[in-house]
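Reader: Could you take me through how to read a few features of a protein model, beginning with a whole chain and ending with single residues?

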Amino acid sequence: MRAVITVVGKDSVGILAKVSLKCAESNVNINEVTQSVLEDMFCMIMLADISKMNKSFGDFSGEMEKLGQEMGMSVHVMHETIFNSMHRI
Amino acid sequence: MINTHEILETITMIQDENLDIRTVTMGISLLDCMDADIDKACEKVYNKIVSTAKNLVPVCNDIETELGIPIINKRISVTPIGIIASACKEQNPVKFALALEKAAREVGVNFIGGYSALVQKGFAGADMALIESIPEALAVTDHVCASVNIGSTKAGINMDAVAKMGKIVKECAEKTADRQCIGAAKLVVFCNAPEDNPFMAGAFHGVGEPDVVINVGVSGPGVVRAALAKNSEGLDLTGVAELIKRTAFKITRMGQLVAQEASKRLGYPFGIVDLSLAPTPAVGDSVAYILEEIGLECCGSCGTTAALAMLNDAVKKGGVMASSRVGGLSGAFIPVTEDAGMIHAASIGALTIEKLEAMTAVCSVGLDMINIPGDTSADVISALIADEAAIGMVNSKTTAVRVIPAIGKDVGEELNFGGLLGNGPVMKISTYSPAKFVARGGQIPAPMQSLKN
């Protein structure tokens, strides 16, 4: 079971650190990261293994969203299945 | 491996283009709730709905959080109460409406549909009592929706029922005149009503359906419009249809996923995905804007019917491959007050009821959410219903009428329902009298198209 975490917003110090810290606390293993900074817009997509997560998906996604608000960015956690079903036959 | 482009596309669809699951509708059979004692029957109805649907809203909320896709409505459809009430000695079907309302509030759904009667070939059991009770039932409840099927390709059109429904529609509006005539917005008069439709106000659970079933209605006019805005420059209409097909496929996959997930978690079988483009009053989430994106100055201009026919067909072709089972209404909806582009077109006079009638010949439903002057006679409403039913009967498709007589208001004034039902101007309707035609009653015989065996 994997989740896609997207982080979009104005670039600042420590975004990656804060998001990965939250993942580590939740026992979520980050498999892949792609990120780019266009001018000062930061855009990151993480693919993370949530099979050993120590909380519910809803709690994790809620905490991430809250973290996003604190950083002034938009952070979303979505289950991988939605992308697979939409783009793969 | 999923690529970045696909991830961003999905997220943009949800966040910026109003992609959502319009409704997860649980169909519940009430056939085992019949009882000669109406109070006992109502108690059984309440208990069955509450015990069957108690997890519907929490499970949908969980799916919403996990998949990150909004599920706007959670609804219930039940066996037509006209059938269930037939066993009762006491003919006061409003008691059922109150039981449905209580159950809907208990489980937290947005709407409950099935205060319905199927009378395309004649009245049986409690049908007439139910129809006569609709205005009161819709006035004393908030969540209950009613529908009456007055015609079909197989049966023809029951003109006695049509005559009756003109009066009932008007009475529904009069009884709720202090609340923007909302009663009439919760009543649909059908020809060829589908038995697995998840959309309100016309949803009911057909007698051929399983005991409990999960049906899902997708949405996504905003996504189709955005896809056209971004990628349709220079395409001919074949190309445009192809683009709509591809977009409809993606939208429907989402519906299929949610339907399967909901069915698995609730422990009830998956019924159908309804491939409909259902607009909302939100800016951008409009079927009219899609037509305008295809190349019309304003929805309602010449060319609207052709563009809508293509859109409707492309949505089906894209969607049918994306889902294992398709049903319900499946097509593009054109509810005037629920569609920002249609509201605008109607307000400036570009879109008329006559044009809408032509459009219903090629789209999925019918004359939907149209405000008409409050002094429109019941005969005119009946004749409008008959016209619309004739289009459905001859073309072997579902058509429906949901018009709202704006009591005390005239052309140019407005009704505002709020929420998904939206708001819109009162539209002009022909006032020449069809009274003699309507008063003849009887049955318009089924057309040649019915003899397919």
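Author: What follows goes from the overall form of one chain to two residues of the other. This is a predicted model, and every value below is computed from it.

Reader: How many helices and strands does chain A have, and in what order do the elements run?

Author: Chain A has three helices and four strands, and from the N terminus on they are arranged as β-α-β-β-α-β-α.

Reader: Is Thr399(B) buried or exposed?

Author: Buried means under 20% relative accessible area; Thr399(B) has 0%, so this residue is buried. Thr399(B) belongs to strand β10 of chain B, and a polar atom of its side chain lies 2.9 Å from the backbone oxygen of Glu388(B). Beyond its neighbours within four places in sequence, Thr399(B) is in contact with several residues, including Val189(B), Phe190(B) and Ile391(B).

Reader: And is Met321(B) buried or exposed?

Author: Met321(B), in helix α12 of chain B, has a relative accessible area of 54% and is therefore exposed. Together with Ile89(A), Val320(B) and Val326(B), Met321(B) makes a nonpolar surface patch of about 420 Å².

Terms used:
Residues numbered from 1 in each chain as written. Chains lettered and ligands numbered in written order. Predicted model: local features only at pLDDT ≥ 70, side-chain atom pairs only at ≥ 80, totals over all residues. Heavy atoms only, no water. Patch = residues over 30% accessible without salt bridge, like charges linked within 9 Å, V, L, I, M, F, W, Y side chains within 5 Å. Areas by Shrake-Rupley, 256 points an atom, 1.4 Å probe, with all protein chains shown as cover. Salt bridge = Lys/Arg side-chain N within 4 Å of Asp/Glu carboxyl O. Helix = DSSP H or I, 4+ residues; strand = E, 2+ residues; numbered from the N terminus. Buried < 20%, exposed > 50% of the residue type's maximum accessible area, 1.4 Å probe, protein only. Polar contact = N/O pair within 3.5 Å; in protein donor to acceptor, adjacent residues only side chain to side chain. Contact = heavy atoms within 4.5 Å.
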